[in-house]
Amino acid sequence: MKKYKNLLVEKEGHLATLTIDRPNKLNALNRETIKELHDAFVALNDDEEIKTIILTGSGDKAFVAGADISEFADFSPKEGSNLAAKGQKLLFDFVENLATPVIAAINGFALGGGLELAMACHFRVASTKAKMGLPEVSLGVIPGYGGTQRLPQLIGKGRAMELIMTANMIDAQKAVAYGLINHMVPAEDLLPFCHSLGDRISKNSPVAIGYAIKAINAGFKNNTDGYATEIDAFGTCFGTEDFKEGTTAFLDKRKAEFPGA
Ligand code: COA
């Protein structure tokens, strides 16, 4: 087992389990965790023994409850767009394009950056306790780690519009029906189920799987401008009164009051 400050990496045969380990903050993604995830994915992808990576969250409550709001609440628009651009490159696009298959094992809340991270994985399995959503507009900002692009790819434009506009969460049952996750299993079966999928994958050619990932992803590259537009719009939100109110309200543990709402 390898321990990073905010991550655990366990290897068993051809499988590696990567656990995001900040349970007191519901595994929220701060800058340090994003960097550690990048480093861990690089190391596992370089490890010829490892044929499948399972990504999950520690504790029984959350996969990841989003980007760490306390780190960006006072950012300027420029810092906001840098945050999105850097995060997309270092982690979200990086995972999506990794040659080693990555399965998200969603064990609880997957919100904001947490759902965006699960969506960047090659596919998703969730426990019956999981709850998923992109609540950014309730904070006066938009998803900035690829959520405006990957959610419509996975569930269709209309459903993505509704989920993002309402900031609502959906449960695992609805997520299966939407095609956001491939399987829903009882909490205690989540990791064993992902292991059995990993075992099955590990019997196949890693070289061919790497090329299949590349070819499948290539079919979705026609919306590259969408990612750039997301980064610009995400940054612009940081200059608004709504963003100040939304993030301050979260950190003060009160409901945001947007003008006219
Ligand atoms: N960023 C920073 N801290 C976060 C966080 C986030 N995205 N999500 C949760 N936390 C922290 C809380 O501030 C709290 O810390 P504290 O104990 O030091 O005060 C701790 O994690 C536990 O969260 P809490 O809100 O007390 O748990 P809960 O069970 O009442 O509610 C959620 C769970 C997931 C509904 C709630 O934490 C939440 O709404 N989180 C933010 C989700 C979000 O908007 N994500 C998108 C970010 S862009």
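I began with Ala167, which I located in the loop between helix H6 (157–166) and strand S10 (169–171); helices (H or I, at least four residues) and strands (E, at least two) are DSSP runs, numbered from the N terminus. The model is a predicted one, in which local features need pLDDT of at least 70 and side-chain atom pairs count only at pLDDT 80 or more, while totals for chains, interfaces and linings use all residues. Residues are numbered from 1 along each chain as its sequence is written, and side-chain values use heavy atoms, with hydrogens and water left out.

I looked up the phi of Ala167 and noted a positive value of about 60°, although this residue is not a glycine. For background, most residues other than glycine have a negative phi.

**Ligand site**

I then asked which residues come nearest to the ligand, and noted Lys25, Lys61, Ala67, Ile69 and Lys253 out of the 17 residues around it, a residue being near when one of its heavy atoms lies within 4 Å. By class, this shell holds 10 nonpolar, two polar and five charged residues, where Ala, Val, Leu, Ile, Met, Phe, Trp, Tyr, Cys and Pro count as nonpolar, Asp, Glu, Lys and Arg as charged, and the others, Gly among them, as polar.

The side chain of Lys61 has an N or O atom 2.5 Å from an oxygen atom of the ligand, and the side chain of Lys253 has one at 2.7 Å from a ligand oxygen atom. At Ile69 I found a backbone N or O atom 3.0 Å from a nitrogen atom of the ligand. The protein covers 69% of the 870 Å² of accessible area that the ligand has on its own, with areas taken from the Shrake-Rupley method with a 1.4 Å probe.

Where does the ligand sit? I found it in the largest pocket, and a molecule sits in a pocket if more than half of its atoms lie within 2 Å of the pocket's grid points. A pocket, on a 1 Å grid over the protein atoms alone, is an open set of points with protein on both sides within 12 Å along at least five of seven lines.

**Lys253 again**

I returned to Lys253, which is found in the segment after helix H11 (241–251). Its phi is near 60°, a positive value in a residue other than glycine. With a relative accessibility of 78%, Lys253 counts as exposed, since the cut-offs are under 20% relative accessible area for buried, over 50% for exposed, and in between for partly exposed, with a 1.4 Å probe and protein chains only.

**Covered elements**

I checked helix H4 (residues 113–120) and found eight of its eight residues buried, among them Gly113, Glu116 and Met119.

Arg150, in helix H5 (residues 147–155), is also listed as buried, at 1% relative accessible area. I noted that its side chain is joined to that of Asp93 by a polar contact of 2.8 Å; a polar contact is a pair of N or O atoms within 3.5 Å, and within protein one must be able to donate a hydrogen and the other to accept it, while residues adjacent in sequence count only if both atoms are side-chain atoms.

Leu18 belongs to strand S3 (residues 15–20) and is buried at 0% relative accessible area; I read a C-alpha separation of 9.9 Å between Leu18 and Val102, which are 84 residues apart in sequence.

Ile106 lies in strand S6 (residues 102–106) and is buried, its relative accessible area being 0%, and its C-alpha is 9.0 Å from that of Met132, 26 residues apart along the chain.

In strand S7 (residues 109–111) I looked up Leu111, which counts as buried at 11% relative accessibility and has its C-alpha 9.0 Å from that of Ala62, at a sequence separation of 49 residues.

Is Gly239 buried or partly exposed? I noted 48% relative accessibility, which makes Gly239 partly exposed.

Conventions. On a 1 Å grid over the protein atoms alone, a cavity is a set of points where a 1.4 Å probe fits but cannot get out, and a pocket is an open set with protein on both sides within 12 Å along at least five of seven lines; lining residues have an atom within 4 Å of a point.
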